[in-house]
Amino acid sequence: MSTVTANVMPAKHYLNDNYGIRSWLLTKDHKRIAVLYLASITVFFFIGGIYAALIRLQLLTPQGALFQADTYNKLFTMHGVNMIFFFLVPSVPAVMGNFILPIMIGAKDLAFPKINLLSWYIYIAGACFSLAALVSGGVDTGWTFYTPLSTGFLRTPVTVLAIGVLIAGFSSIFTGLNFIVTVHRMRAPGMTWGRLPLFVWANYATSIIMILGTPVLAITLILVALERAFHIGVFDPKLGGDPVLFQHMFWFYSHPAVYIMILPGMGVISEIITCFSRKRVFGYPFIAFSSIAIAVFGFVVWAHHMFVAGISVYSALVFSLLSYAVAIPSAVKVFNWTATMYKGSISLQTPMLYALAFIGLFTIGGLTGLFLAALGLDIHIHDTYFVIAHFHYIMVGGMVTAYMGGLHFWWPKITGRMYPEGWSKLSALIVFIGFNLTFFPQFILGYLGMPRRYAAYPPEFQVLNVLSTAGASILAVGFIMPAIYFIWSLKYGEVAGNNPWQATGLEWEISSPPPTHNFHETPIVTTEPYHYGAEQEVPVVP
Amino acid sequence: MQSTVPLFPEQASTIAHHVDWLYLFLVAVTAFFSLLVAALILFFIIRYKRTPDREAEQIHGSTLLEIVWTVIPLGISMVIFVWAAVLYFHMQRPPSNAMEVYGVAKQWMWKFEYPGGQREINSLHVPIGRPVKVTLISQDVIHSFFVPAFRVKQDVLPNRYMTTWFEAKEPGTYHLFCSQYCGTKHSAMIGEVVAMKPEDFASWLTSGKAEGSLAAQGEKLFQQLGCATCHRADSGARGPNLAGLYGRPVRLTDGHVVVADDNYLRESILVPNAKVVSGFQPIMPTFQGMISEEDLIQLTDYIKHLSAPTMEGPLNNRSTPEQIRDSEVKQVQDQMKQQETAPQKTSGNNK
Amino acid sequence: MSHSSTTTTANHSDSATTATHHPALVHHFDNMEQQKEAATFGMWVFLLTEIMMFGGLFVAYLIYRLKYYPAFVAGSTSIDVSWGFANTLVLIGSSWTMAMAVWAAQTGKRKLQVLFILGTMVLGTAFLGVKAKEYYEKYDECHIPGHVIGKGFNAWGGCSADKSKGNIAEEVIKRDHSIPEASAVQTAKQSEMFFAFYFVMTGLHATHMVIGLGVLAWLMWRANRGEFGPEYFSPVENVGLYWHFVDIVWIFLFPLLYLISRHQHAG
């Protein structure tokens, strides 16, 4: 806690600098845009969560009596599309990256504030298409849109949804473009590459993937839309096309996309672990470069989603080998974070609880990826609940957990208020228990052979499914609680002060909430990141 | 309702326990590293709990440790990779004495056909103790043939034959799932694989009514569709002789040599000008749209079983039919001479 | 040892327009040079994303070209190479006018800037006009794949119910009489794939040109107001980069689509 007497909110800051809806909808301030994103993706998180709840309810009984098969197919499709494209991909970059990254490097804003705002509008446009697809009946292709099912056999509004995803992809591209130019050109004097906080490195690596991978998804979805509308035969075997080509083009983006979804979270973890261990990070260059390595290697492993799809044995060998290579940098990070805690001075506030949960759950999720990369084994577990468990351990146990950790960590900076620590710890615990109960049984189900995307299943799988649904109900509670207490804290939370965590980093040196222009004068950086050992005096910047 | 809650699938095929060993090794590795990390974290948060009298020790890093914890995971990964790859090679190569079955997947059912002509829907009877090779194709979208108890899975594509194989070990009934999402009734596209003792299987084969073997039906089609008009063995034939063709290398007009496998036969019927055999004109019309997948399977099976005197080398590698004819005759004459003089080990037509 | 201090370096606090900085300088940049470098870098990164998008399409094209080579030759021969060549010259010309516009901006010549930007737009529009004509020809010859727009391929790869007048199969046989009808018909069917790529690739390119024309209009309006000069011309330069990129994409499209070996091998 702060050593001064009760903190006071600064008189003027980015939230009260200007009032009125126009000042928000036409803002160029990266912080306001981050808040716009926060509101939007939270909406989609809960929409996606509702789909998940319905899925788990359906799977309580083997014969799936709740929904018809067609409806269920729409549920898992919309769950996947919403969660991936409208929540996970933007989450940390568009909220925390937008808010914190410029401040971390000592800049007054991102390089292109108008493009930043445009990227939010593009996101909203994509979201509108997605909602339009929902309202006009929902789509049932699976988030993977495999052809020729999606191009020639379904009458649902596939094209509308594909366009929505395509548009949301451009939002992602513009965010990535903005970050790259910002990190290259707008670092404050003295902020060398080697002094960048690891959160910046992580978002930088993510941005590289965003700009190189997303355009390929764009053209793939354009081709799907054209095929549906005009019956050209690029992916349709009846017209001479190759459905496996779709899979190659789709996964060329969608595999790197999973690294888009996890790398920013890893950046958050680096910030939290150091702060709550009061220690510099162990192996800074290794963590920094492992982010870049993941981004690069992530582009050459896409066909590990296609081992049984009809690729040649030799292709499969190459992609399997490379998939093991891409796992190594993640392992390096986990070990470095753990080593960071060694001989630290550790306190277990909520952000740290989430960060520690991340390390454990991501380790499990990542290692189960090795199962899938193993050729002879993948034949059995591909397209089963094992895959679902694997990627939920990474996406929920990893990314969402990191997002929650980051949200709690930077909430005081963003809003000037603290959330209630008791409730937040409780909800973190509930999330952890609920999550594991939901997804661990799915590993077992998967190895038993329960395929994914099944609305009904053989009765011997019921007990495990019931366990999973029970876990999901607990998990839901764990996510609803923060929604309540965060909103509560806006009015009633304790005023945070500049640096409630006594953390290093430029963002903690300015007021909470920060002024619109971040810094009255451009800072000069003379220290390494995470310089926790030094005598700390955090000046209150007027 | 259910008396037991299974936590591990049955090992009903010869490959199953190999896959399971790999799986268990990976489980062990995962458990080890997860528990290691968890234990370290737990230990650290207790041992290094924040107290006012102790400061954190600022440690930069250790290149040695970085190398250690890069090399060791890499080493373990390589072990897993090689182990899994070897297993995979084995799983992708059906033994040559495998019993053949054909499967056609369509929304939302499985149709199986045996060479003897027996058909079944959504169930597949197989003998134990003998490898079974399933040749699969889809009539519409991508499906996937998945038998968890056997640990086999193969995506089933439209317009292209895929194969998978297994050898059942234990008699029993096992789930067959479609594991590639294929539309409305994807989760209802399930069936069963019934593994039987060989004698039971033999009697099952004879019990059903079949309209004749696949090859016999294929031969009827071969005549009906007019294939026999061009594909003959004599010198005036306008199409290559198909006897003994299956599994042999074929030289095309552009010089490439391809193997005449199931997909080659199928493509040659549907898109004949894709691969034109050297020495022949691309006059064959396409049968696309005029022939169903089942008909194609019958034709393919018929052609597969057309035997001919064994010959070496690519068929039809001369530029004119007459020259081909001459060389064929000469080869056969030579071989007959050799067989008269000394017993000759003829090498087979294996791929 | 000390934490980051807040010593002043560049002193651009709020948005006060002092006499010391250019009116086009935005507040979050320290100086015009940083702003220019950021803008140019941003445009290059954007072009990189465009390369990836067209690249994906090109890879798909190459895969099918390998698979259906004779059909791609047949399709390519049915589009008019002279118009394609003319368009290539028009587009290269427009890149020249664009480069001249950048020069005029750099040297502060307002009227010339407007003139050259206008010239670029005129040439760009001419390109689109020729493309429209070519598309119409394909419509007229029933070479639009998919049977949704236009009259659709018949079995011989063209319009007429009988085997005459410019059907693809007919053209294939005309060029090489040794090709039997059965084969030519199959080639004609496969050429639908060529036309699918023809339309998608040139269509995507044309869309980028239309957007480019819109951007050029905006640029011309700004140039006319005298906004660009030696200290500030990066919008012109960056739009120029975009326009050159669109030109380069065409330089790839033209040979890939129009110049495939126009002689089919016999037999």
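Predicted model: local features only at pLDDT ≥ 70, side-chain atom pairs only at ≥ 80, totals over all residues.
**Entry 1: chain B overall**

Chain B has 351 residues, and 37% of them are buried. I found eight helices and 12 strands in the chain. Then I checked how far apart in sequence the touching residues are. Taking contacts in chain B with a separation of 6 or more, 68% are between residues 24 or more positions apart.

**Entry 2: the two domains of chain B**

Domain 1 covers 9–41 + 66–210, and domain 2 covers 214–341. Where they touch, domain 1 puts in 10 residues and domain 2 puts in 10 residues. On the domain 1 side, strand E1 (99–106) and strand E5 (131–138) each supply at least two residues. I also sorted that domain 1 side by class, and got five nonpolar, three polar and two charged residues.

**Entry 3: the five-stranded sheet**

I went looking for a sheet in chain B and picked one with five strands. It is open, its order is E4-E10-E9-E6-E7, and its pairing is mixed. Which strands stand at the edges? They are strand E4 (123–127) and E7 of chain B; each has a single partner strand, so one side of each has no neighbour in the sheet. From one strand to the next, the twist averages 20°.

I noted one helix here too. Helix H3 (residues 198–207) of chain B lies across E4 and strand E10 (191–196), and runs at about 130° to E4(B).

**Entry 4: a closer look at E6(B)**

I zoomed in on E6(B), one of the strands in that sheet. Is E6(B) mostly covered or uncovered? It's mostly covered, with five of its five residues buried. I then checked which way they point: B:His143, B:Phe145 and B:Val147 go one way, while B:Ser144 and B:Phe146 go the other way.

Now the partners of E6(B). With E7(B), it pairs in the antiparallel sense over five bridges. The two strands make a hairpin with four residues between them. In that turn, B:Arg151 has a positive phi of about 60°. With E9(B), E6(B) pairs in the antiparallel sense as well, over two bridges.

I followed B:Phe145 both ways. In E7(B), B:Phe145 stands opposite B:Gln154. In E9(B), its bridge partner is B:Cys178. I looked up B:Phe146 too, and found it opposite B:Lys153 in E7(B).

**Entry 5: where B meets A**

Time for the chain contacts. How many residues does each chain give to the contact between B and A? I got 74 from chain B and 78 from chain A. On the chain B side, helix H1 (16–47), helix H2 (63–92), strand E6 (143–147), strand E7 (152–156) and strand E9 (172–178) each supply at least two residues. Sorted by class, the side of chain B that touches chain A has 43 nonpolar, 19 polar and 12 charged residues.

**Entry 6: where A meets C**

**Entry 7: one helix in chain C**

Last, I picked a helix in chain C. Helix H3 (residues 81–106) has 26 residues and reaches 37 Å from its first C-alpha to its last, close to the 38 Å expected at 1.5 Å a residue. I listed its buried residues, among them C:Asn87, C:Leu91, C:Ser94, C:Ser95, C:Met98 and C:Val102. As a reminder to myself, an α-helix has 3.6 residues a turn, so residues three or four places apart point the same way. What do the buried residues of H3(C) pack against? I found helix H4 (110–140), helix H6 (181–224) and helix H7 (234–258) of chain C. Just after H3(C), C:Gly108 takes a positive phi of about 75°.

Conventions: Residues numbered from 1 in each chain as written. Chains lettered and ligands numbered in written order. Contact = placed C-beta atoms within 7 Å. Nonpolar A, V, L, I, M, F, W, Y, C, P; charged D, E, K, R; others polar. Buried ≥ 20, exposed ≤ 12 C-beta atoms within 10 Å, placed from the backbone. Pairing = 2+ DSSP bridges. Domains from an automatic or database assignment. Expected span 1.5 Å × (residues − 1). Axes fitted to C-alpha atoms, helices over the stretch in contact; angles between N-to-C directions.
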